2 protein chains.
Amino acid sequence: MQARTHVTLEDVARAADVSLATASRALNGMRVTPHLRERVLLAAERLAYTPNAHARALAGGAHRTVGVVCHDVSDPYFAAIAGGVMRVAADNDLLVMLASTFSDPEREIAYVSMLRAERAHAILLIGSGFEDLHWERALEAELKPYLDGRGRVAVISRHRSLRVDTVLPENRAGAAAMARAMLEMGHRRFAVLTGPPVLTTVADRLGGFRAELRKAGVKLAAADIVEGPFTRDGGYAAMTRLLDQGTRATCVFAVADVMAIGACAAVRDRGLSVPDDVSVAGFDDIPIVRDLTPPLTTVALPLQQLGERALELALTENPERRRRVLRMGGEVVVRASTAKLT
Amino acid sequence: MQARTHVTLEDVARAADVSLATASRALNGMRVTPHLRERVLLAAERLAYTPNAHARALAGGAHRTVGVVCHDVSDPYFAAIAGGVMRVAADNDLLVMLASTFSDPEREIAYVSMLRAERAHAILLIGSGFEDLHWERALEAELKPYLDGRGRVAVISRHRSLRVDTVLPENRAGAAAMARAMLEMGHRRFAVLTGPPVLTTVADRLGGFRAELRKAGVKLAAADIVEGPFTRDGGYAAMTRLLDQGTRATCVFAVADVMAIGACAAVRDRGLSVPDDVSVAGFDDIPIVRDLTPPLTTVALPLQQLGERALELALTENPERRRRVLRMGGEVVVRASTAKLT
DNA sequence: TACGCCCCTGAAAGCGCTTTCAGAAAGCGC
DNA sequence: GCGCTTTCTGAAAGCGCTTTCAGGGGCGTA
């Protein structure tokens, strides 16, 4: 698209018979005689002029672009968050560059590098956060110019040492609350369907749940923690394995709703019932879960708001240059996928 | 982010004690004495140099960026398509600029303009297509530089006159097939939950369904076509209205799965049963619908592939400069949300 | 009518990179 | 060892825009 096919400011200036400088000023709303301004605007309109964003950015003009990195836009969790980001972006006339890493840390770094090359105004990392200091160092190095500046990065997830503004879902507390809720409902035998443990999000949810059980003196056998990819099918497979090994759990906690959905399907496919034979709980409260049968008990996160707040955070100056942390969500929503044990 | 905080090629060249030109060549893999190349690469590494994508684009170098415009990323339909786009983008080292219009045609045009300003390699319009020639003219004007070039635009949806490469879901044929399937199951009284009629996608689905009924001599009363926003809640509200007005339909066809999901909820909330009291069918086959109870009968679209093919289309040269049209999907998948009428 | 001040316009520099164009260095044959 | 060709390197010219810096015109004041 770099062919001679684009109208330039010079073309407009010539058509309006003014200098380049004047044309630029007219287009950018600076003081120009109304008469000339009109001529320029008209010429621009007639020629269907679109300023070259690259030239503008290069010359130091405004360039309204933000970068967002997530695992997978097609996952309802990220889609919902992205929805919030998009809303704020639209309100601020920002163009969003979205990248899916498909959970590959290398790709995450590569994308951040590309966003840096694009000189994105702000960078948002959603659900990043790997339990890997080596990786975090690399990310930090990549993010350097942004970190030095005035806080134009925000993350949604916990990072071990990265000093950036954070919107933190209450993963640990939420999972703990879920454990408490299930204990109160009389459950004593649990199983957990977990995702890749290198993700801090997973670690926190699993950790919070376990800790609370331990506090209550309830054991969680290693065999009852089954790991799988962070997807519907991952949940299905994990639950199937659990069933295969003849688990005695009465309550299964999946660290993400999408996994819980798969788990429910697996239970049903065995001819068992949720919640009569086994209670299933999830995490996230993605929109669809209230329309399932039975509707899913889960830990609610205000997903759209997560995205909104994160972008707002990245967009507002941070004069004190201190890491701002916004904790959100974490309430247990009990629906019909979990039953009281009598 | 335009402060003096970024390392430039000049810095690298100086550090490596070579000229700018040599540094550029070394970094871009052109012929340079191995000895010098290594020095440059090392210097670049040490300084954490990231080329300025704007400068590069401006100077005519490669700039790997594509623009995607959709209604709302958080909608499962678009999310799934976007997933496909992301996959192909990742394979091609492309950065994706994603914009949500929230179904506002003005905003759609504004975004295309921004993408044009960014000199995006390719532009993808997903589910665009308004039944509004005035709008289409404006869009065409905005897209001009891309249309003149060698086919770097693709759309997923039908446009009336826009001459661009198209990945076309079989909306009309799919809806017709659904009508046939329902007729074969014995239904004779129908209702349709429809979206904004200005969307060609909606028009085609509604049109295909109606035409097939008419062909079979089955009437569809105007009162039995209820319109609502293209969302879960829109479907819920529409179905509620239908129920309120005492519809006698035995089968309700929603022009989108998300609406069908809302419709099912509305039916249940009335204490009625899907499919015993009323059959519900949708369109799209978004991933979640097979996990609903009952699983949703729908017209299947290979959503992810839609996105993949569209981007591939936009990325491949089109020497003959003819509009390429790829028709996809449209098979009826009968699940348990629809019942035979005896 | 003449002088000074202020605002507006135009020329030009530069943002960071790629690429052309010569010139320098190196390689070859005789 | 000389002169030619063949590489490879460095200087410089843009890419399209914003912005500084003077200069010029219009106006107010005496």
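The model is predicted.

Starting with the protein–protein contact, chain A puts in 59 residues and chain B 58. Together they bury about 5,300 Å², with carbon and sulfur atoms giving 60% of that area. On the polar side, there are 18 residue pairs in polar contact between chain B and chain A. The side of chain B that touches chain A draws at least two residues from each of α4 (53-58), α5 (76-91), β2 (95-100), α6 (105-117), α7 (133-148) and α11 (257-269). Sorted by type, that side of chain B comes to 31 nonpolar, 16 polar and 11 charged residues. Salt bridges across the interface number 2; one of them links B:Arg232 to A:Asp291, with 2.6 Å between the closest N and O atoms. The two chains also pair through their strands: β2 of chain A (residues 95-100) runs antiparallel to β2(B), joined by 3 bridges. Within this pairing, A:Met97 faces B:Met97.

Bases are approached by B:Arg25, with a polar side-chain atom 3.4 Å from a base oxygen, and by B:Ala55, with a polar backbone atom 3.4 Å from a base nitrogen. B:Asn52 instead has a backbone N or O atom 3.3 Å from a phosphate oxygen. Among the elements, α2(B) gives the largest share of this surface, 4 residues.

Technical notes: Residues are numbered from 1 along each chain as its sequence is written. Chains are lettered from A and ligands numbered from 1 in the order in which they are written. This is a predicted model: local features need pLDDT of at least 70, side-chain atom pairs count only at pLDDT 80 or more; totals for chains, interfaces and linings use all residues. Side-chain values use heavy atoms; hydrogens and water are left out. Contact means heavy atoms within 4.5 Å. Buried area is the accessible area (1.4 Å probe) that two parts lose on being put together, summed over both. A salt bridge is a side-chain nitrogen of Lys or Arg within 4 Å of a carboxyl oxygen of Asp or Glu. A polar contact is a pair of N or O atoms within 3.5 Å; within protein, one must be able to donate a hydrogen and the other to accept it, and residues adjacent in sequence count only if both atoms are side-chain atoms. Ala, Val, Leu, Ile, Met, Phe, Trp, Tyr, Cys and Pro count as nonpolar, Asp, Glu, Lys and Arg as charged, and the others, Gly among them, as polar. Two strands pair if DSSP finds at least two bridges between them.
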